[in-house]
Amino acid sequence: MQTSTPSSTQKKVVARSEWEKKLSEVEVNKRDLNKLVMNYLVIEGYKDAAEKFSQECGLQLDTDLESIQDRELILNAIQNGNVEEAIERVNDLNPEILDTHPRLYFHLQQQQLIEYIRQGKIARALEFAQEELAPRGEDNPEFLEELERTMTLLAFEDNNQSPVGDLLHPAQRRRTARELNAAILTSQSQEKDPKLPSLLKMLVWAQNQLDEKMSYPRINNLATAELVDNEDTTTL
Amino acid sequence: MNSSKHEQAVAELNSSDRTTCLSALRFIKNNVIGNKTKKDLYIQLNVIPKLVKFLRSEADTQVKIQSVIILGSFAYGGEENVMDLVRHNAIRPLLDCISLKNDPKLIEAAVRALKAAYKSPAADKSDVFHDDYLRDIIVLLNLDSLNPKTDREKIMAIHIAEVAATIIARCCDTVEQQLQIARAGAPSALIKLLTCGYSKAQEAALDALAFLCRENPMFGKAIVEIKTDTGGSPVDIMLKLIRDKSPMMRLIASRCLTHLNRCKAIEEYSDDIKLGVLPTLVKLLDEKGPVQEEAPHVLAYLIRDNESLQKAACDAEAITKLAQIITQIGNEERQYYDSADSDKLKENALTALAAMSSLTDAGRKLVVEANIVTQIVQAMSHRSYGVRAAACQCTRSLSRSVNILRTSLIDAGVAGPLFKLLSDESTDVQTIACATLCNMVLEFAPMKKTVVEMGGIEKFVELLRSSDNALRLNAIWALKNLVCSAESDIKESVMKILTYPTMASLIDDPEIDIQEQAITLLRNLACKRPVDIEEVFKGLGENQLMDIIENKLLRYEAKEEIIMQILYVITNIASGDERHKQSIMSRSSILQSILKYMSHDNPEIRVAAVWCLNNLTHPEDKQIIGTQERIRRLRQMGFEEKIKNMAEDGHLDVRERVKQAMSQFSQV
Amino acid sequence: MSGLSTASRIFSYYPLSISSVSQSNGPSTRSYHSNSHNSSSLQSNLSNKNKYSKLQGPRLPSYLADTTFADLYAASSSESYTRNGSVPDSDQASFALPTAWNIDDKSTNLELSEDRLRVNYTGVGKNDTDAAAIRANYPMPPQCGLFYFEVDIISKGKEGFIGIGFCGKSVQLNRLPGWENMSWGYHGDDGHLFCCSGTGKPYGPQFTTGDVIGCCVNFRDGTAFYTKNGAILGTAFRDLKGVLYPSIGLRTPNESVEVNFGHKEFKFAIDHYMKEQKALQWQIINATPMPPISSPVMSTPVLRASSEANLTTTVHQLIFSYLVHHGFSETAKAFYKDAVHFLNIDSDLMEDIEYEQSAPGTEIDMLNRQRIRNAVLRGDIDQAIKLTSALFPSVLPANDDIHFRLRCREFIEMMGRCSGTRAAATEDEDDNLVKVEKHGMIGRPQMAVGDGDEDAHITPIRKKKNSIKRKKISYDADGLDSHIESAMRFGQKLQQDYQDDTREEIKSALEEAFSLLAYSDPANSVVGYLLHPSGREPVANALNSAILASQGKPAIPQLERIFRQTSVAVKELSRCGVGTTAFVNVNNDCLARKNN
């Protein structure tokens, strides 16, 4: 940051009480928030939760539970590391998806490779890489790069030391699952992006922008949503 | 690859046990979907005939469904796989599955497989037009045909309709096919699907409508006139969809409107085309993947032959965007080893640039300013023939500006690569290269000499022996341009290689366009100096030359261009010395013909005919006696009277020439 | 004999020209041109192309609907437009938009029509010093994101030296736009751009009588572009800043132009351009990295996945806490099973949070709150009060206002029962429910805003209260239904307990409830809406929040706080004049209200 910040010291300061008054004036419709939650549950394929939520809060589902469940089973299979099952299920649901999304298919195969490595099935992993993944890499230099990165997993005994340890992180499974989910939803002419993450992104962006203009109570931890007084506001 | 388990799966298909058979099918299915290597493997294991047999038998529905899915997945593996399917007669059994009496799941799988197969030109689409298949497909466009009840069934019905529409889009190759599909009631069913609210189905409906009216004004009008359920025009729905949030939808809607516009079905929407469709297409150039790939192709088609749209595309900075695409692909090509992914995009981008610079110098200038002439020239040596052809087309557009030809194109070393394309393995590329060179060998173009030095004459003459008429036409055209206003030595070298007998036979070629060019060649040979005319007299022999002229003129019903070129051959000969003029005067049938053509409906022919007369009566000191003699003879034949009658001709050009003729007659 | 070889050359056509000649020779049919065009423009009106949003006060051009700016504009417009065209001082943000030319801010060589939209040149027009410019009545507020206006060239006059653009407040008005510092313009006579300088550079086509020239300033990236007859001409200026007024300049006799600041349809599809700009802005927002939710605890940095993983983890936590907060216990359990437990591996902190939230005590509390909530939603207020007193004994004594609302509701429910109104299930979703909810603020206790909302909503109907007298008649009558009787007793007790209460909201709530007695069939009376089950939910929410507050838990779920904070932050940004905010709208973009 710049050392001379005349502008930052002159920044407008909003006291906590004033800010809270503004917060209280926001019109919030609880039904909107319920819908926001429902939208997430449906799109991300949480069938049971969506069903229960529909009963408990009285919102009607605009998608049928069966089709949510179709996706949920597929996504859960990936979350549980069972890529083969996920592939079988998605092929049952719509055999076109994997034939028309080579990148997605590659990522599923890559996930399968990661799962073999995670399970310590090194011989199987090697065989799988040679048989299934190498031909994909020949088609596309990008795939080849990712394959190489995945194979690096085998080079480290302790995955915590590995520069590609992130591949073993559950977030990797989630990313694969999300890509698959989006492809299925798109094939059914349905919205693929839930709204709730946008709200969070919007908050992070807006606060970042607002920091340049004023000093105000901020939410730093999005999960606890606690208002944190800015230094300036506390000294007031 | 360890293929034993796959071999075992194929073997299990022979099992009489349904469960064993079904699980083998599922195993194969889950292996081949998405996996090109496995598709090839199973095709090698000869699984296709077994699957086709299941479809033909009274097998269990589940077995049929799985078999169809596998066949469909094979079709996704590309051209060769589709050829394998065709070879094993798999298409008809697939069509048999789409009848409404079957399980919807089987129908769904079958339409998918057919859609994938018909993507390839290898699949023979005529099957669709046999029996009741076409009707079966069109029935599926109606979402209620399958009587869906649950949400799942509804999703399936929509999906089936979508795929059926895509099949239709892929079966519109010929006017006859378009006609049959339209007769079977597809247009109204498609318009209904267009308003169903499901984006994928809407896209497919637009796609089918677009190809149903491609280059077919009758269907274009018919589609536009169908009323939608809400009573509006389908065009308004399409115009809304070019603003859709999905880029794919915007592209497909733009394409449909482009096709409607090209077949002149929506002329009253020209503002919407210019201010809506065109900018949408230009913006789609910023997208990625298939949308970016197809957008320049549609754009090129939209603006072809339309100066105003070309200008609008330039104003919307389309050339900058296309240049960026081409530069970026160029960089990638240098970095990676062979990657065919971007070939089609490059080809389409070059095609769009060629279209944008085809009619106006402003467009050409923008291409030069975008600094991509070198890349265009380099692309003429690209590994993909489509790219080579498009790059050549681009060069051709640019070469229409003599300035650019003299500077940027020459600087970029256009001659070598272009000349090489004359020997390209693709006839299309050869044809375009030949057409491009036509522009470059004209008198004012600086490349005449270079082309001759590189062996251009030999090459053009060689191409004249091709079996492709378009290529032959361009070759004779190039030779004609080469001798246009050329020095005698060039004319001589051309005729040494082409030979007069060959030219004479080309003048009687079965292709009328080739005849015309050959006659124009003759005209250009006989142009300018008496020595040149003398060469032609020597080459063909005076008698044969006069026979040619006489014969062509006698065919009053012949193509007007041919008559006109022949009249200019006479004009040119009559500009020669006394002997040349006399040889024309010696054929009264020719003179009669000239007189006759002075009354032709086409003013250009009248002008040409009067030109003949003017040259025959042109007063010059050396020929004073001959000229007077000719004037008397022509007056006798009624020329002077004819000329007087023409003094009030409706065309200025004709009147000008007539004025000259009258003054020449009056001197004697 | 010179003419001959020329003739011979003319006919050596290039191959392509031949084919194009034959193409263009086809007859062009333009028969029912006008008819069809009408129908198409009708359709485009329907397609919301140029409609105005239904806001009160001056109309807002349709491309600005759905923006954050639109919300602020609606709130501020009434105030700023009464200020009689005066220029607001630069410190204080004004949301006024240019709507006409400013008659007090023009060269004397110009005359203005009555509606202040058309400008005619009246000077001598001899040389550049005779140029004449005019500014709009308001500057373009940056927080509108985009400002677009179009100028009809009514007449190019003698020379058509017409300049269209924008400038600062202090720029001289005897010059064409663009010739001075802080002034930018596009000129019709040569098609050149002038950027704070007397020398122009080539830009677009010339323009003349009958053309429509548009000018758009984009405050998102500080650029401007022009349009001609609806076609976009490409970026004209960059790095724009400062307070800018739309401006035009004329220079020769009989020149005349008319501006369209959005009061009628534009030639150019600015709505669509706005949409595209919104998409670009969202690309930027979506690319913003998420802050780590638990930075000290995360031991191994997982670079590639971290931002995405944070987002999912945060979303799941927010949903879970939301479900717990409102006592949606079955949903919470299902969600925990299917979503949250996957997160356990993510970080230790997450586990802590979940253990705490799913600890046995918490779960029992949640179930109890759900029982109470369900009782209220069923209309069984008595049961709800009993349960609350038994399970959370400190809540009602400490929250007298909530206790009052409960008892009031109980009275209404009793009236409903004797009226035969069957309590419909809460899942019906008619307008009424939405309306009431919208006015009944969630989490009122902590925010301490008072009870004004619902009252305001109810007020218009209160004039009926003078008919209360009829109640006595039915009371005196014999054979009174036992339901009515107990309702009466309950009501009298309620009246008694609060008769000394001077709070206005208590008094009016009582009056309203008692007005039900005035009708023999209250359900179908003008106050029938009081009986609607949708009135239960705000009461249930208030009670739920009070219970949570009594346990030291946030009275407002985290998710809602996030929403409020986002909403305020974006509005504040807009107030600060940040142009990017026009391209986002928390309500439209971040809520799942419609399918879009």
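Modeller: Please keep in mind that this is a predicted model. The size of an interface is often given as the accessible area lost when the parts come together. Here chain A and chain B bury about 2,700 Å² between them, and carbon and sulfur atoms give 42% of that area. On the side of chain A, the residues that lose the most area to chain B are A:Glu96, A:Asp99 and A:Glu131, which together make up 22% of what that side buries.

Colleague: How many salt bridges and polar contacts are counted between chain A and chain B?

Modeller: The count is nine salt bridges, and one of the pairs that meet in this way is A:Glu96 with B:Lys115, whose side chains lie 2.8 Å apart, N to O. For polar contact, the rule finds 19 residue pairs across the interface, both partners being at pLDDT 80 or more.

Colleague: Which element gives the most to the side of chain A that touches chain B, and how do the residues of that side divide?

Modeller: The helix α9(A) gives the most, with eight residues, and the side as a whole divides into seven nonpolar, eleven polar and 14 charged residues.

Colleague: What lines the second largest cavity?

Modeller: This cavity holds about 170 Å³ of space, and its lining has 16 residues, with A:Glu44, A:Tyr46, A:Leu75, A:Gln79 and A:Arg174 nearest its centre. Two or more residues come from each of α5 and α11 of chain A and α6 (303-325) of chain C, the largest share, four residues, being that of α11(A).

Key:
Residues numbered from 1 in each chain as written. Chains lettered and ligands numbered in written order. Predicted model: local features only at pLDDT ≥ 70, side-chain atom pairs only at ≥ 80, totals over all residues. Heavy atoms only, no water. Buried area = accessible area lost by both parts, 1.4 Å probe. Salt bridge = Lys/Arg side-chain N within 4 Å of Asp/Glu carboxyl O. Polar contact = N/O pair within 3.5 Å; in protein donor to acceptor, adjacent residues only side chain to side chain. Nonpolar A, V, L, I, M, F, W, Y, C, P; charged D, E, K, R; others polar. 1 Å grid on protein atoms, 1.4 Å probe; cavity = no way out; pocket = protein on both sides within 12 Å on 5 of 7 lines; lining within 4 Å. Points joined across faces, edges and corners; volume = space filled by probe spheres on them.
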